[in-house]
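Please take a look at the model below.

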Amino acid sequence: MVALLLAFSVLSACGNKKEGAATASPSTSPSATAATAGNPSDVIATYKEGGKITRGEFNSFISVNKMFSPQLAQFMTDPAFQQDMLKQMVTFRVLSAKADDKVKADADKQVTEQMKAITDYFGKQEGGMDKQLKDNGIELKDIESLMKMSFYTMGSMESKITDQAVQDSYKEQAATHAFDIATVSHILISLKDAATQKDLRTKDEALARAKEVKGKLDKGGDFAALAKEYSDDPGSKDAGGTYKDADINQWVPEFKQAASTLPLNTISDPVESSFGYHVMKVESRSTKPLDDTLKTQIKSQLAEKSLSEFAEKEYPNLIQTNNLPKPEASPAPAASPAASPAASPAASPAAK
């Protein structure tokens, strides 16, 4: 489902919604799926080159997004949110129409794979896929339509990104340490249980235990063995406490700072973080090379930036009529309503 959620979040820059604009609880009843009431065939917006969007098409577009992000239900009738979604829909429509045959062929393969994953996923939920579609007032073809627009749009934007642009972006980001990696071993003495969040020990007790571990290491103790015995980090203890060639930017500030600055291959004093105390050893530091995976990542970043810039700069020139309600005030910046869920903070004590 990750690829699908990412496809729906590419317009994050224009996905701002009005904070506190709606307080209703999310609902999946059919009556809650219609963002705008009225005849589905009514034209609610037109844009250049004869483009038009009907009420039914607009409601389906929003409802598909809501199916994957149920929290959107509370914003369905908010004018600021509706205007945001209209911008996304028009942008997808205009740019996806410009995709060439190769982009479409590649995207169609991805859409086929994703549609299978979607039907398999929701088919295992209570009531199956049919219940999900009914609750959201949509059909399977509505999901496929949005996915095609999304993949066609992103494929078209990515095809315009040159190798030189990717290399330039890599150098620029590398200069800000965006691709710094390190191999770090640590033993975490935590204050709370990672699974239950119940208190394990006080700060003083944790610090004393961390100093005990450091003392054993300073006397030649085996790091991997002591990690398995003492560490409270479920993500690394069975691997001897080691994170190999890991992105340092994923870690909490204190752990990241230590990983960036500690002398190599020395045992640190206890490093305090929000998780407790870490006894650390940094084995290596380097910059992630510009391999094929990173090239793909950067190309997607640049394509998303171009997409957002198009939506912000060109959309006002594209739209001709807009019959949706207008917000009373400009929306406050917020995260994209279609953004993918954040990773669990408990995934790793070293993670953000």
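In this predicted model, the axes of helices H4 and H6 cross at roughly 140 degrees and come within 9 Å. Because angles over 145 degrees would count as roughly antiparallel, H4 is oblique to H6. The crossing in which H4 passes H6 is right-handed. On the H4 side, the residues in contact include Val103, Ala107, Val111, Met115 and Ile118. H6 contributes, among others, Leu140, Ile143, Met147, Phe151 and Tyr152.

In soluble globular proteins, nonpolar side chains tend to be buried together. Here the largest nonpolar core has 47 residues, and Phe58, Leu86 and Ile143 touch the most other members. Among the elements that give two or more residues to this core are strand E1 (43-47), helix H2 (55-68), helix H3 (79-96), helix H4 (101-123) and helix H6 (140-159). Another core, of 14 residues, lies apart from it and includes Ala182, Ala246, Ala258 and Met280.

Leaving aside residues up to four places away in sequence, Phe58 touches Ala35, Thr36, Ile44, Ile53, Gln82, Met85, Leu86, Met89 and Leu324.

What remains is the hairpin. Strand E1 pairs with strand E2 (residues 51-54) in the antiparallel sense, over four bridges. Tyr47 has Gly51 in E2 as its bridge partner. Three residues lie between the strands of this hairpin, in which Glu49 takes a positive phi near 65 degrees.

Methods
Residues are numbered from 1 along each chain as its sequence is written. This is a predicted model: local features need pLDDT of at least 70, side-chain atom pairs count only at pLDDT 80 or more; totals for chains, interfaces and linings use all residues. Side-chain values use heavy atoms; hydrogens and water are left out. A nonpolar core is a set of buried Ala, Val, Leu, Ile, Met, Phe, Trp, Tyr and Cys residues joined through side-chain atoms within 4.5 Å. Buried means under 20% relative accessible area, exposed over 50%, partly exposed in between (1.4 Å probe, protein chains only). Contact means heavy atoms within 4.5 Å. Two strands pair if DSSP finds at least two bridges between them. Axes are lines fitted to C-alpha atoms, for helices over the stretch in contact, and angles run from 0 to 180 degrees between N-to-C directions. Angles under 35 degrees count as roughly parallel, over 145 as roughly antiparallel, 65 to 115 as roughly perpendicular and the rest as oblique. A crossing is left-handed if the near helix is turned anticlockwise from the far one by less than a right angle, and right-handed if clockwise.
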